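User: I would like to understand the words used for this structure. Please go through them with me.

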Amino acid sequence: MNDILIVILFLMVYFSPVFYQLSIVIKESKRGNKLPLKRFKRVFKYSLIIFLPLALGFGILNYVNILNYESPITYDRVNEITFENFRGLEFFKKSLYGNKRFAYVVTTFRSDIDNDSVSVEALFHPSRSFVYNSHTDSKELLSHEIYHFRITELYARKAKKKIATLRSPNKKDVRNVIEQTWKEERNFQVKYDFDTFHSYVFSEQKRYERAIDSLLTLHSEYQKPKVSLNE
């Protein structure tokens, strides 16, 4: 069943007492009876009081699995990552192009700007990343997801390289570099998935792996989180 239809069906069932009371209000209002309106307001009020915390909890768990939380992982531990680190929950999307064997990874930049240095590092978020089966032995699928993390690390290094070459930079200049590089990273991630068809095009997957590995080596000077600002 379509995810939207499931949500609509749930809301209709949950709020059915409210709809029922509303129909009584409409019917009795024609007779001048105001009592059902008070009952409707009370039912509606308590329905919302119960529903809002449930909706908030659902939204939080769908964003980050706080019930099975693991702190973000830095790139120096990339080779330790397995699918057991993918702890995120997925309530609706159960397949990718009809294939139930799928995963996705969530990565970000973490930055800290000081007066004489800037720290930019790539993070992998276990409790926001999802895999259909944490015990799967699909090396190809894991490799594809890990290269998403490697891409984030590559662009973190690119950001540090750009920052290191700034002349008399201020914090606004540094933030602009980080934000622009992050946008470039996001665009490249989309292109990576499109060209490899989420790892299903083997030749493209291997081509990207070689290119990313080469670029990471090329930017190895910037693999440490911190870079000094050009005085």
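User: At what angle do helix 4 and helix 5 pack, and how far apart are their axes?

Analyst: This is a predicted model, in which local features need pLDDT of at least 70, side-chain atom pairs count only at pLDDT 80 or more, and totals for chains, interfaces and linings use all residues. Residues are numbered from 1 along each chain as its sequence is written, and side-chain values use heavy atoms, with hydrogens and water left out. Helix 4 (residues 139-164) packs against helix 5 at about 150°, and the axes are 9 Å apart. Axes are lines fitted to C-alpha atoms, for helices over the stretch in contact, and angles run from 0 to 180 degrees between N-to-C directions. Helices are DSSP runs (H or I, at least four residues), numbered from the N terminus.

User: Why is helix 4 called roughly antiparallel to helix 5?

Analyst: Angles over 145 degrees count as roughly antiparallel. The angle here is about 150°, so helix 4 is roughly antiparallel to helix 5. Helix 4 also passes helix 5 in a right-handed crossing (the near helix is turned clockwise from the far one by less than a right angle).

User: What makes helix 2 and helix 3 roughly antiparallel?

Analyst: Helix 2 (residues 16-29) and helix 3 (residues 35-63) pack at about 165°, with axes 9 Å apart. By the cut-off already given, they are therefore roughly antiparallel. Their crossing is left-handed, the term used when the near helix is turned anticlockwise.

User: Which residues make the contact of helix 2 and helix 3?

Analyst: Contact means heavy atoms within 4.5 Å. Helix 2 brings residues including V18, L22 and V25, and helix 3 brings residues including L37, F40 and F44. By class, there are ten nonpolar, two polar and two charged residues. Ala, Val, Leu, Ile, Met, Phe, Trp, Tyr, Cys and Pro count as nonpolar, Asp, Glu, Lys and Arg as charged, and the others, Gly among them, as polar.

User: What lines the second largest pocket?

Analyst: The lining is I6, V7, F10, L11, F51, L54, A55, F58 and F92. A pocket, on a 1 Å grid over the protein atoms alone, is an open set of points where a 1.4 Å probe fits, with protein on both sides within 12 Å along at least five of seven lines; lining residues have an atom within 4 Å of a point.

User: How many of these lining residues are nonpolar, polar and charged?

Analyst: Nine are nonpolar, none polar and none charged. Helix 1 (3-14) and helix 3 each supply at least two residues of this lining.

Key. Angles under 35 degrees count as roughly parallel, over 145 as roughly antiparallel, 65 to 115 as roughly perpendicular and the rest as oblique.
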